[in-house]
Structure formats: structure tokens, C-alpha cells
Amino acid sequence: MAVGDLDTRLRAAMFDHLARVSATYPDGVPSRAINTFVFEGKHLPLVVQPGIRKPAELDAALTIRTTWTRPDAEAPYADKVGADGSLHYKWRGTDPNHPDNRALREAMHQRVPLVYFYPLAKSVYEPIYPVYLVDRSEERRVGKECRSR
């Protein structure tokens, strides 16, 4: 079986899962519900600590997220939504060859859809999908499917 077939099936199953949990939690999906995703009999968490999820079976990133920050605190990352509604997603660290950064570049190169987990509260997200990486600058610019609040 080709990796592309696996990638396509996994992403489609993930989007179906997120549609179901989003319907159950219309005001924001807890990470514990997001992380109940099972693909072909294997539990596959979608929200992970580093913020960029690339399962070993895939070449490209699957999900990205921004860490929730209290309104009175400074955000730890420079993720931001631009005036045009596009998300500017910061690289992981400063090494462009970090495996997470390579996975983001591969997602852009393959033009595969990702999920962006927009933080609503601690461990509560709005899954926004599909989103696409569209620019290779130091900040990753995600397509207009990401919108500001």
C-alpha cells in the first residue's frame, strides 16, 4: 500500500472524527475528546505537546496548534492571524531542519490538508480544517481557511 493512500485515508478519517466531536462540543472541543481518534484500530492522539503532529507513518505534518495563553499573559509563540485572515504559524525553534519544520515543509510541498487547533481555553480548541501551508517564510503562513476571532 502506498504512503499516499495511507495519508489520504488517515486525513479523511481525522476530518470525520473532528466533525463528530465538534458536533458534540459546539462551543469548543476538549483535547481529551479530540484525542479519542482511532485510525485502523490504532489510537492516534491529534493534540500533542510540541504543537506539530506528524505520525511516524506519514511524511508530512498532520495537525498544528497554538498554545492557549491567559488573556493577561504573554504568548510563548509568535503565532498570529494576519489582517487577511491567514494564520502566521511560527517554526518550531530556530533550526529549519528540525523534524517538525521538515514535516511542515513537506505538508506544503505535498499540498495536503492539515487541522489547525485554535485555542479557546486551556485544553479546549476549535478544530479548523482543512488548512494548507502556502508560504515558506520563517513564519508558516496557513491558507485563508484559518480566520481570526
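Contact here means heavy atoms within 4.5 Å. The views show a predicted model, in which local features need pLDDT of at least 70, side-chain atom pairs count only at pLDDT 80 or more, and totals for chains, interfaces and linings use all residues. Residues are numbered from 1 along each chain as its sequence is written, and side-chain values use heavy atoms, with hydrogens and water left out.

View 1. Helices (H or I, at least four residues) and strands (E, at least two) are DSSP runs numbered from the N terminus. R11 has a relative accessible area of 3% and is therefore buried (under 20%; exposed is over 50% and partly exposed in between, with a 1.4 Å probe and protein chains only). Apart from neighbours within four places in sequence, the contacts of R11 are L58, A60, A61, L62, V112, P113 and L114.

**View 2. The loop residue R111.** R111 belongs to the loop between α3 (99–110) and β8 (114–121). Although R111 is not a glycine, its phi is positive, at about 55 degrees. The residue R111 is exposed, its relative accessible area being 70%.

**View 3. S123 in the loop between β8 and β9.** Here too the residue is other than glycine, and the phi of S123 is positive, near 65 degrees. With 36% relative accessibility, S123 is classed as partly exposed.

**View 4. The cis peptide bond between Y129 and P130.** Omega for this bond is about -10 degrees. P130 is located in strand β9 (residues 124–131). For reference, most peptide bonds are trans, and most residues other than glycine have a negative phi.
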